[in-house]
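Open the model in your viewer and keep the sequence panel beside it. The stops below go from the whole chain to single residues.

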Amino acid sequence: MTAPRARFVWKLARRHSWGSPIPARQLIRLVAGSAGHDELATVLEADVLELPFVVRSPDGIHIPNGQDAHVAAANWLRENTELDDFTIKATLSRLPEEWPSRK
């Protein structure tokens with residue numbers, strides 16, 4: 001998973017801890033690796049926060065702990081990463097039993 005946007009979404013999914021927000025600076029550090037923090041801050045602001053299942057609150061950024069948000073995040077990860085369905089389903093706890101349903 002090399003695209004910064006995908007790394008942000010995956011990190012939010014992995015660290016969601018019952019929907020608890022992650023402060024933006026901490027999230028950037030978690031995703032950074034060898035990438036520049038300024039570049040990642042731009043990706044976070046311009047690309048990640050526009051996703052309908054990502055929320056910014058006064059305490060930080062998170063994927064809400066509801067089924068609709070988890071389904072949307074899972075579908076996005078499925079379409080934008082190489083992660084398999086089992087890994088995604090094991091990570092996002094609010095997915096319905098029938099996910100992934102193919103329409």
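A contact here means heavy atoms within 4.5 Å.

Two notes on the source. This is a predicted model, in which local features need pLDDT of at least 70 and side-chain atom pairs count only at pLDDT 80 or more, while totals for chains, interfaces and linings use all residues. Residues are numbered from 1 along each chain as its sequence is written, and side-chain values use heavy atoms, with hydrogens and water left out.

**Whole chain.** Switch to a cartoon view. The chain has 5 helices and 2 strands, where helices (H or I, at least four residues) and strands (E, at least two) are DSSP runs numbered from the N terminus. Followed along the sequence, the pattern is α-α-α-β-β-α-α. The radius of gyration, taken over C-alpha atoms, is 13 Å, close to the 13 Å that the globule rule gives for 103 residues, so the chain is as compact as a globular protein of that length. That rule is 2.2 Å times the number of residues to the power 0.38. The C-alpha trace spans about 40 × 30 × 20 Å along its principal axes.

**Helix H1.** Select residues 4–14, which form helix H1. Which residues of helix H1 are buried? They are Ala6, Phe8, Val9, Trp10, Leu12 and Ala13. Buried means under 20% relative accessible area, exposed over 50%, and partly exposed in between (1.4 Å probe, protein chains only). Now show the partners of these buried residues: they pack against helix H2 (24–32), helix H3 (37–48), strand S2 (60–62), H4 and H5. Over the whole chain, 38% of the 103 residues count as buried.

**Threonine 81.** Next, select threonine 81, in the loop between helix H4 (67–80) and helix H5 (85–91). Is threonine 81 buried or exposed? Its relative accessible area is 13%, so threonine 81 is buried. Show its side chain, which reaches the backbone oxygen of leucine 77 at 2.6 Å. A polar atom of that side chain also lies 3.2 Å from the backbone nitrogen of leucine 83.

**Alanine 90.** Finish in helix H5, where alanine 90 is found. Alanine 90 counts as exposed, because its relative accessibility is 58%. Draw a C-alpha to C-alpha distance from alanine 90 to histidine 62: the two are 18 Å apart in space and 28 residues apart in sequence.

Note on methods: Polar contact = N/O pair within 3.5 Å; in protein donor to acceptor, adjacent residues only side chain to side chain.
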